[in-house]
Amino acid sequence: MTSEALSPATTGASGAVEPRGAKPKKLTIGRVGVYAFLVIAALFFLMPLWVMIVTSLKGLPEIRLGQLFNLPAQVTFEPWLKAWDTACTGRDCNGLKPGFMNSLKITLLSVPVSIVVAMINGYALSFWKYKGSDLLFGILIFGAFVPYQVVIYPLIIGLSKVGLFATLPGIVIVHTIFGMPILTLLFRNFFASLPPELFKAARVDGAGFWQIFFQIMLPMSVPIAIVAVILQTTGIWNDFLFGTVFAGRENMPMTVQLNNIVTTTTGVREYNVNMAATILTAAVPLAVYFISGKWFVRGIAAGAVKG
Amino acid sequence: MSQYAQSSDAAALVSTSPPRRARRKFNVMSIVGTTPMILTAVGVFVICIIFSFIWSFTNSKLFPNFNFVGMDQYNRLWASDRWRISVGNVFLFGVCSLVANMVFGYLLAVFMDQRIKQEDLFRSIFLYPFAMSLVVTGLVWQWMFDPNLGIQSAVRQLGWTDFQFAPLTNQATAIYGVVLGGVWNGVGVTMAILLAGLRGVDAEIWKAAKIDGIPAWRTYLFIVLPMMKGALLTAFILQCTGVVRVFDIVIAMTQGGPGVATQMPAIYVIQHITDRVNVGQGMAAACTMLLPVLAVIVLQGVLQWNAKRKKEKAI
C-alpha cells in the first residue's frame with residue numbers, strides 16, 4: 001500500500017539537493033520577513049529545551065517565583081544527582097539509574113536482533129522469492145498500520161504461555177516484531193535497487209543463499225544498516241507502550257520510569273528533579289540525533305511510518 | 001542442509017533451465033531465513049487479530065474465555081460515554097493535529113527553500129524534538145502549561161496580569177494543549193519530507209512561472225503544491241498512523257483528564273485489559289479501532305484495481 005508512496009520522498013530526503021525556490025535578491029523586506037519567520041519558529045522549537053535546562057538547574061524556592069524562562073540565579077546540580085540516584089517511584093528510591101540500565105539492555109539487544117532479521121527478510125524478498133513470500137510481505141506492511149492495541153492482548157497471552165512475558169527476551173521479541181514491517185520495507189527497497197547482475201553472477205559461481213548474503217549483500221548494505229540502527233535506537237529507547245505492557249517491573253525502561261517519577265510523586269512536586277530526569281531520558285536519542293546528523297533525516301523519512 | 005540446497009540450485013542453474021526459472025525455484029534456506037517473518041506475519045498480524053476479534057464476542061474478564069455473548073460487548077461499548085467521548089476526542093485531536101502539522105510543516109518547508117543561510121542549523125532545530133520521546137515531550141509541555149509556575153505566570157510577571165494560558169487545566173481546552181505538544185514534536189518531520197518534495201519539483205516550472213509573472217506565493221500554493229503528491233501523501237499517512245495510536249503523549253500530559261477531556265480509544269483499550277480487568281470490552285474497542293484502517297486499505301485496493309482496469313481498457 002505504501003511502498004510506492006514512500007519511495008520518492010525516501011530517496012530525495014537526504015536534503016543534499018540545491019534549493020530551487022525563488023532566487024534571493026539583496027536584503028529586501030521580503031528577505032527580512034523570511035528570516036524573522038524562521039527565527040521566531042526556531043525560538044518556539046527551542047523554548048522547551050531551554051525551559052528544561054534552566055528549570056533543572058534551579059533550586060525549588062527559585063522555581064516557586066514563577067519565572068519560567070529566567071536563568072538560574074544560583075546554579076545547583078543537586079536535582080540532577082537526585083534524578084539519577086535517589087528520586088522515588090512509589091516505594092523504590094533509586095532514581096533513574098535502573099531504568100537507564102534496563103533501556104540500555106533492551107536497546108543493545110533489540111537493535112541488532114531486529115536489524116539482522118529484517119535484513120535477511122529484505123534479502124530473501126528481493127532475490128529468493130518463494131510462493132507466498134509477497135503475500136507475507138503484504139501482511140507485514142498491513143502490520144505497520146494496525147493499531148498496536150489490536151494485537152497486544154493476544155501477544156501477552158501467547159508470550160506468557162511460553163514463559164516469556166515480562167522478561168528481557170520477551171521485550172526484545174516484541175521490539176523485533178513491531179520493528180519488522182518498516183525495517184523489512186527499508187531493506188527490501190535497498191536490495192531491490194541493487195543491479196540484478198550482481199546476484200546472477202554469484203549464482204553462476206555456485207554461491208548459495210547464505211554465502212551470497214554474508215559475502216556480497218551484507219558488506220554492501222552498510223549505509224542502509226546505519227540508517228536502520230539510528231531508526232531503531234531512537235525508536236526503541238523512546239518506546240513507552242511496549243515497555244509498560246511487556247517489560248514487567250524487572251525490566252522497566254527509562255521512559256516508563258520517568259513517567260512514574262514525574263506523575264506519582266506524593267507530597268512536594270520537585271519540578272527541578274523532574275526536568276533533570278526528563279533531560280536524562282532524552283539524552284541518548286538526542287546524542288544519536290546530533291552525532292548522526294543527515295543520516296537521521298534519511299532514517300525518519302524512510303521509517304516515518306513507524307511513528 | 002545448506003550445502004544440499006546450494007548444490008541442487010547450482011545444478012539446476014548449470015543445466016538447461018534459464019536463470020529466471022532457477023530464481024523462482026523453491027529454496028529451503030529462503031524459508032529458513034525468513035522464519036521470523038513468517039511467524040510475525042501469520043502469528044502476530046493474522047492470528048493475534050483473529051483472537052482479538054473472537055474474544056471481543058466473549059465475556060472475558062481477567063483471563064480470556066470462550067463464553068460467547070454475541071454483540072453485547074459492542075453494544076456496551078457504544079453505550080459507554082467514556083468510549084463515545086474517546087472517539088470524539090480522537091477525531092478532534094486528529095483533525096487539529098493534521099491541519100496544524102501539514103500547514104505549519106509546509107510553511108516551514110517553503111521558508112527553508114528560500115536559499116537561506118544556516119539551513120542546516122535551522123533544520124536541526126526544527127527536527128530535534130522528534131528525537132525525543134512523546135513521554136518527554138508531554139512532560140515538558142505539561143510543565144510549561146503549569147498554571148502557577150509555567151508560561152502563564154512568567155508572562156503575568158512581565159506586567160500582563162490577566163494573561164490566560166494554561167490549557168491543560170480546563171476541560172474545554174485540554175485537548176488543544178496536547179495538540180500543541182504533538183505538533184511541536186512531529187512538525188519537523190513533515191517539514192523535512194515536504195522540503196525534499198519541493199526540491200524534487202522541476203526547476204523549469206519556476207522559470208515558466210516567473211516568465212508568466214506569477215508571484216512566488218501563488219506558485220507555491222497553486223502550482224508546486226499539487227505537483228508533490230508523493231511527499232504530501234507520505235507526510236499525511238505518517239501523521240494519520242500517529243493519530244490512531246496516540247497514547248504516550250496523553251498519558252504523560254494529562255492521563256486522559258481533566259475528567260475525560262483527553263481520553264482516547266488507545267487508552268480505553270489498555271485500561272480495560274489492565275486496571276479495569278475487562279478483556280472482552282477491551283477487545284471490542286480494539287477491533288473497532290481497526291475498522292478505519294481496514295476501510296482505508298479496502299478503498300486503496302478498489303482505487304488501484306479501478307486504475308488498473310482503466311489502463312487495460314485504454315490499451
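Let's start at one spot in chain B: Arg115(B) sits in the loop between helices α6 (81-112) and α7 (119-131). Helices here are DSSP runs of H or I with at least four residues, strands are runs of E with at least two, and both are numbered from the N terminus. Arg115(B) is not a glycine, yet its phi is positive, near 50°.

A quick word on what you are looking at. This is a predicted model, where local features need pLDDT of at least 70 and side-chain atom pairs count only at pLDDT 80 or more, while totals for chains, interfaces and linings use all residues; side-chain values use heavy atoms, with hydrogens and water left out. Residues are numbered from 1 along each chain as its sequence is written, and chains are lettered from A and ligands numbered from 1 in the order in which they are written.

Staying with chain B, please look at the loop between α14 (248-253) and α15 (265-273), where Pro258(B) has its place. A cis peptide bond joins Gly257(B) to Pro258(B), with omega about -5°. Gln255(B) is found in the loop between α14 and α15 too. Gln255(B) is another non-glycine residue with a positive phi, about 55°, and at 43% relative accessibility it counts as partly exposed.

Now the whole of chain B. It has 16 helices and zero strands, and 51% of its 315 residues are buried. Its accessible surface is about 15000 Å², with 67% belonging to carbon and sulfur atoms; these areas come from the Shrake-Rupley method with a 1.4 Å probe, and for residues only the protein chains shown count as cover. Of the chain B contacts with a separation of 6 or more, 65% are between residues 24 or more positions apart, where contact means heavy atoms within 4.5 Å.

Over to chain A. Here we have 15 helices and zero strands, and buried residues make up 55% of the 307 residues. Chain A exposes about 12900 Å², and carbon and sulfur atoms supply 68% of that. For contacts in chain A with a separation of 6 or more, residues 24 or more positions apart account for 73%.

Ser292(A) counts as buried, at 13% relative accessibility. Which backbone oxygen lies 2.6 Å from a polar atom of the Ser292(A) side chain? That one belongs to Val288(A), and the backbone oxygen of Tyr289(A) lies 3.4 Å from a polar atom of that side chain.

Finally, how do the chains meet? The contact takes 111 residues from chain B and 110 from chain A. Together the two chains bury about 10000 Å², 75% of it on carbon and sulfur atoms; buried area is the accessible area (1.4 Å probe) that two parts lose on being put together, summed over both. Helix α4 (residues 35-55) of chain B gives the most to the side of chain B that touches chain A, with 14 residues. How many salt bridges cross this interface? The rule finds zero, a salt bridge being a side-chain nitrogen of Lys or Arg within 4 Å of a carboxyl oxygen of Asp or Glu. Thanks, everyone!

Technical notes
Buried < 20%, exposed > 50% of the residue type's maximum accessible area, 1.4 Å probe, protein only. Polar contact = N/O pair within 3.5 Å; in protein donor to acceptor, adjacent residues only side chain to side chain.
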